[in-house]
Amino acid sequence: MVFQKTYELQISFSGDAKEVNEQKQLLLAWLPANGVESFVEGTLDSLDLDPDYYNEHGDYYDQFGGSHCPVSIFDYDLSSLKEIQVKLERDFKGKLKIENFSQETSTWKEGWKESFTPLETNRFYIYPPWEKPDSTTGKIPMEIEPGMAFGTGQHATTQLCLQQIESIASRGGDIANLRFMDIGTGSGILAIAAKKLGFNHVNATDIEAAAVHAAQDNAQVNNVEVNLWKGSVPVPADERDDFHTPYDIVVANILIVVLERIIFDLSEITVSGGLLVLSGLIREQESSMIEMAEEVGFGLVEKHYDGDWVCLELEKLQ
């Protein structure tokens, strides 16, 4: 699907450094709590930053304005952004400066070309549409259009999840008959990877319509069929036949403020003996996330790190 216009809701801050930092921290907690999981801080995508951004010795954050960097939300649907603006103005009572901008989608996408370069995992060679697949690697090619900043595989958490899916697929067994669910699919990269690895029954959801469109387009380009739905975690009694059956593999690469709210639902849709892969977590959040997962019936299988980021694989024990 082609969208001619890309809309931006830009949120700016005022005051001294302490006031701005407090405002930003409140905003960054407010956004995912109100269904906004994809946003851009300054000129750096908050979910696709180089890991060095989180290194205390790095100076990228200060170079781009530090806490004074505005936060932007992008969408192809202007009405969705206006709904968010109304909520922000209500909850922050005029403390934030909120502006709307628009530009041609083709122009907006040009900004990705410098930051999105091909990458490799153990099994995949992932590349953008403006590059050609490298047939010499012997790896599975995957073309990903970044769309509305919904994930290109550049971020550590996406790579950790990809590696974990690859690991699960390599353990043997009849993976073709296992049901796979990707919650918060974004660009669809993890769901498409699962399909290419041999999982036949692959489903994915995202609460943002633009993400669903991006994932649909990427699945089509990669000649795979992924059952996509706009929404969060499909409950077992959902009327959609393709979504109501519990899953053998569930993946959620989402911020912890969202995982905290949906961990019970994730347990509900995972079969006994099934696996749950969680990322979007930093090391400091690891223990609390494991504890919450254990409370709803999961046991830790293994965990892996990439810098400050962690990926958990858990098994449904009951």
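How many salt bridges does the count come to? The count comes to six, with a salt bridge taken as a side-chain nitrogen of Lys or Arg within 4 Å of a carboxyl oxygen of Asp or Glu.

## Basis

This is a predicted model, in which local features need pLDDT of at least 70, side-chain atom pairs count only at pLDDT 80 or more, and totals for chains, interfaces and linings use all residues. Residues are numbered from 1 along each chain as its sequence is written, and side-chain values use heavy atoms, leaving out hydrogens and water.

## Salt bridges at Arg171

Side chains of opposite charge can pair when their charged atoms come close. Arg171, Glu302 and Glu313 are linked in a network of salt bridges. Arg171 meets Glu302 at 3.6 Å, N to O. Arg171 lies in the loop between α5 (156–169) and β9 (179–183) and Glu302 in strand β14 (residues 298–306), so this pair ties together parts 131 residues apart in sequence. Helices (H or I, at least four residues) and strands (E, at least two) are DSSP runs, numbered from the N terminus.

The salt bridge between Glu313 and Arg171 is at 2.8 Å, N to O. Glu313 is in strand β15 (residues 309–316) and Arg171 in the loop between α5 and β9, so the parts tied together are 142 residues apart in sequence. For burial, relative accessible area under 20% means buried, over 50% exposed and in between partly exposed (1.4 Å probe, protein chains only). Glu313 is buried at 0%, while Arg171 is partly exposed at 41% and Glu302 is partly exposed at 25%.

## Strand β14 and helix α10

Lys303 and Glu286 form a salt bridge of 2.5 Å, N to O. Lys303 belongs to strand β14 and Glu286 to helix α10 (residues 283–295), so the pair ties together parts 17 residues apart in sequence. Lys303 is partly exposed at 35% relative accessibility, and Glu286 is buried at 9%.

## Aromatic rings

The whole structure holds three aromatic pairs. Rings of Phe, Tyr and Trp (its six-membered ring) pair if their centres lie within 6.5 Å; planes under 30 degrees apart are stacked, over 60 edge-to-face and the rest tilted. Trp30 and Phe92 have ring centres 6.1 Å apart and planes at 70°, so the pair is edge-to-face. Trp30 lies in helix α1 (residues 17–33) and Phe92 in helix α3 (residues 78–92), so parts 62 residues apart in sequence are tied together. Trp30 is buried at 11%, and Phe92 is buried at 10%.

The charged end of Arg283 sits over the ring of Tyr305, 4.0 Å from its centre. This term requires NZ of Lys or CZ of Arg within 6 Å of the ring centre and within 35 degrees of the ring normal.
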